[in-house]
Amino acid sequence: MSVLQDTSDRRNICDKSKSEDFEICVGVLQKYKGAAIHAEIPNGVVAIEAAFKGYAYLKSVVIPNSVEQIGKDAFQNCAALASIVIPDGVKAIGENAFSGCTSLKTLLIPSSVKTIAASAFSGCTSLEELTLSNGVEVIGTSAFQGCKALKRISIPSSMKKIENAAFLRCSGLKKVDCAGRPEISSSAFDYTSYHRCPECNGGLDFFDRCKNPNCKKYKKY
């Protein structure tokens, strides 16, 4: 493939790639121009930019297996979006990609995704079921902040790092199962039910050990 020499060359290719509902430029979906509540992204798209940002009527979308990147703000504030399947092959989920999707209830992150970027799913207040496949390595800052309907999550053995405020204010979260020993920010689970010891109401560490040395359930390392 030849390198595009200037913006006019690139613009010509973009113009030829436009369809009725989708503006696609060199495999990148840049804008959704339709008005449907159920959208199907054309096969061959490899990346999604902020194409659906703020589109409040979208209820479901089909993402083809060709997509490798769901970029920054891709589906931000799609308040009616209740169904999303992230296909195997997606390698990156960008900042705020699904933030503010307040109708989203279930979510499966496939093993191909290594990093969930900052605030990717923040404010998804109806999210009840989150599955992190083995292969995911990093959960970014505030990635699931404010997902108050989450009650339980399982962290796979592949996880290396959970960053600041990743699950901040997930007020319904009561149980975290962890298959490995990732690096965890001290604020990752702040303001959740997970951090309260049922014995003395003291704080728990990530592995269910009370931080209060006088607690009957306190366990040393």
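This is a predicted model: local features need pLDDT of at least 70, side-chain atom pairs count only at pLDDT 80 or more; totals for chains, interfaces and linings use all residues.
The open sheet has three strands in the order β3-β5-β7, with parallel pairing. Since β3 (38-40) and β7 (83-84) each have a single partner strand, they stand at the edges, so one side of each lacks a neighbour in the sheet.

Residues are numbered from 1 along each chain as its sequence is written. Local features need pLDDT of at least 70, side-chain atom pairs count only at pLDDT 80 or more, totals for chains, interfaces and linings use all residues, and side-chain values use heavy atoms, leaving out hydrogens and water.

Now for the rings. There are ten aromatic pairs (rings of Phe, Tyr and Trp, the last by its six-membered ring, with centres within 6.5 Å; planes under 30 degrees apart are stacked, over 60 edge-to-face, the rest tilted). Y32 and Y55 make an edge-to-face pair, because their ring centres are 5.5 Å apart and their planes at 75 degrees. Y32 lies in strand β2 (residues 28-32) and Y55 in the loop between β4 (47-48) and β5, so the pair ties together parts 23 residues apart in sequence. Y32 is buried at 9% relative accessible area (buried means under 20%, exposed over 50%, partly exposed in between, with a 1.4 Å probe and protein chains only), and Y55 is buried at 16%. The rings of F75 and F98 are stacked, because their centres are 5.1 Å apart and their planes at 10 degrees.

Notes. Two strands pair if DSSP finds at least two bridges between them. Helices (H or I, at least four residues) and strands (E, at least two) are DSSP runs, numbered from the N terminus.
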